[in-house]
Amino acid sequence: MARIIAVTACPTGIAHTYMAAEALKKTAALMGHSIRVETQGAAGARDILDEADLAQATLLILAADTHVEMTRFAGKTVYETSTSTAIREPQAVLDAALALIGIRTERRPEPGAVAAAPTVAATAIAQVDDASGDIRRIVAITACPTGIAHTFMAAEALKKAAARHGYTIKVETQGSVGARNTLSAEEIATADVVIIGADTHVDTSRFAGKRVHETSVGRALKETDKVLQEALALPAPSGAAPLRAAAHAAARTPEKPAGAYKHLLTGVSYMLPIVVAGGLVIALSFVFGIEAFKEKGTLAASLMDIGGGAAFALMIPVLAGFIAFSIADRPGLAPGLVGGMLASQLQAGFLGGIVAGFIAGYIARYLRDHIHLPAHFEGLKPVLLIPLLATLVVGLLMIHVVGSPARAIMEGLTRFLQGLSGTNAVLLGLLLGGMMAVDMGGPINKAAYTFGVGLLASNTFMPMAAVMAAGMVPPLGIALATFLARNRFSADEQIAGKAAAVLGISFITEGAIPFAAKDPLRVIPACVAGAATTGALSMIFGCTLHAPHGGIFVLAIPNAVGQLLPYVGAIAVGTLLTALVLIVLKKPLPANGAVAA
């Protein structure tokens, strides 16, 4: 039995996050493995993995569509996938992840699996034999609470002392700019001794089977020779342990850099709670009249100041800041936030914010990786050099290069969208609606949703209305089909249909996933047809929506939705169309496969 830990995270932190977690839990239990899953979403982290979980785990599954901080998982065997894949193919995800640590399911044997094991063992033996002579290979980690001066000074002291004695050494520093000079699996496997000079927590699980000497960062700096002697005097570990450690190191897959889409979704995930809160507060101000906020000193004016003046003002800076954070970790946050604020002030909209985030992230990462200072001055990088230089470069680029073109594009896009009518409105509505249903919470769905949310900052509300209406249709249409044509759905599907109805009215498109996963060739076309129709009708009717989430519950707020009755009608038409298409495409089940009405 393997001990598995997992983290699931999607941009909205709602349905996909928890559905992926449940799918992994149930499948792992059926396979006889132990699993603990932490979910990270808009409501914060839930079921947080503690020190005991991390220490006992042999495998980490990362099912995430956004940036996840990986520092605490250093040394773990990691298998990365998306939340959509974890929901739809949990068995395949677990099989692939377990294969990394040498566990293969009996029903899915892979050719050559047996022959591969001796190769790892032989490599490990060779590594142990190599180490049988004088101890010369050392790896080390230094870390202090602030991650600035002591971290790098201790690392430099260890390097100099090792050089004096003729030892080879590599030192990983864990500081405020993230982990630098990271130890590879091969370097750990061939090392004879490990030195941990740290005043903060350092995960030592990747050093299983190695001689590990733990001390303070102060001693590593001031009593370096003594620390080396103490480490080299440690007794050799048991014979089997190095073999296990080498095999574990060989099994670990290299960390893959996140792509641009994942960086974008990270920014969206941090921005979304602000947009939702701001949009709903703005909608509440409309309860007193669509223009009541113009009268200063009233509650409506206060609500507009909170939602529009504060929350929406933070929207683009937060989007840009956390795109940069996903790319460069903490060094990217300051220039990203400043670039996003400039995009907002220059009226470059969400497009300018996205560009600012990527520019800030890549510049900060370049500076972090290419500026090399003496150890005594290394601490200046995270608190002075990177924020100063990156912010200057990003600011100047936004003001003199990016701002004006991005503003022109946004103004043109806004005029185009606000003036849409006839065929153009139909085509855009069809496109946005179809995108919401084609993968039901996956990357295409999130792209359409991000487009709608981003336009809210430019006072363009029609696309958001089309997006939310279309996103409600797939689960609602399926729920209606299970009610109208029970002979085409099993008893379990009829029960799931009731849950899909609740998810649908809450604007959680993922409620349709269980049906789509079971019968994609019939369910997905039916959902796309209904959602695309709803999107087109919403655009034709000129429906607007000021709140980016909430489903049917937002409709109860006066003036939150423009053209309310046509909007409800568009949702109803799409729901009915999805149900009818699904009923036509699906065949009646055998008499014993359905429940009588």
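In strand 4, L62 is the bridge partner of V7. This pairing belongs to the predicted model described here, in which strand 1 and strand 4 run parallel and are joined by six bridges. Strands of a sheet pair in general through backbone hydrogen bonds, and the pairing may be either parallel or antiparallel. On its other partner, strand 4 is joined to strand 5 by four bridges, and these two strands also run parallel; within strand 5, T81 is the bridge partner of A63.

These strands form part of an open sheet of five strands, whose order is 3-2-1-4-5 and whose pairing is mixed. Strand 3 (44–46) and strand 5 (78–81) stand at the edges, and because each has a single partner strand, one side of each is left without a neighbour in the sheet. On average, and with direction ignored, neighbouring strands of this sheet are turned by 15 degrees against each other. The antiparallel sense is found between strand 2 (residues 34–41) and strand 3, which pair over three bridges, and here Q40 stands opposite A45 of strand 3. Helix 1 (residues 15–31) packs on the sheet, where it touches strand 1 (3–9), strand 2, strand 3 and strand 4 (59–64), and the direction of helix 1 makes about 180 degrees with that of strand 2.

Strand 4 is mostly covered, with six of its six residues buried. In a regular strand, the side chains alternate between the two faces of the sheet. In strand 4 both faces are covered, since L59, I61 and A63 on one side are buried, as are L60, L62 and A64 on the other.

The crossing in which helix 13 passes helix 14 is right-handed. From helix 13, the residues P335, G336, G339, G340 and A343 take part in the contact, and they meet G349, G352, G353, A356, A360 and A364 of helix 14.

Several residues in loops were also considered. D47 lies in the loop between strand 3 and helix 2 (51–56), and its phi is near 50 degrees, a positive value in a residue other than glycine. With a relative accessibility of 44%, D47 counts as partly exposed. A positive phi, near 60 degrees, is likewise found in F507, again a residue other than glycine, which lies in the loop between helix 19 (491–505) and helix 20 (513–518). F507, however, counts as buried, because its relative accessibility is 6% and the limit for a buried residue is under 20%.

H546 is placed in the loop between strand 11 (544–545) and strand 12 (561–562), and with a relative accessible area of 12% H546 is buried. When residues up to four places away in sequence are not counted, H546 touches G279, F286, L456, F461, N559 and A560.

Finally, the cysteines were considered. C10 counts as buried at 3% relative accessibility, and C543 is buried with a relative accessible area of 0%. A disulfide requires a pair of cysteine sulfur atoms within 2.5 Å, and by this rule the count of disulfides in the model comes to zero.

Definitions and conventions:
Residues numbered from 1 in each chain as written. Predicted model: local features only at pLDDT ≥ 70, side-chain atom pairs only at ≥ 80, totals over all residues. Heavy atoms only, no water. Buried < 20%, exposed > 50% of the residue type's maximum accessible area, 1.4 Å probe, protein only. Pairing = 2+ DSSP bridges. Axes fitted to C-alpha atoms, helices over the stretch in contact; angles between N-to-C directions. Contact = heavy atoms within 4.5 Å. Left-handed = near helix turned anticlockwise from the far one by under 90°.
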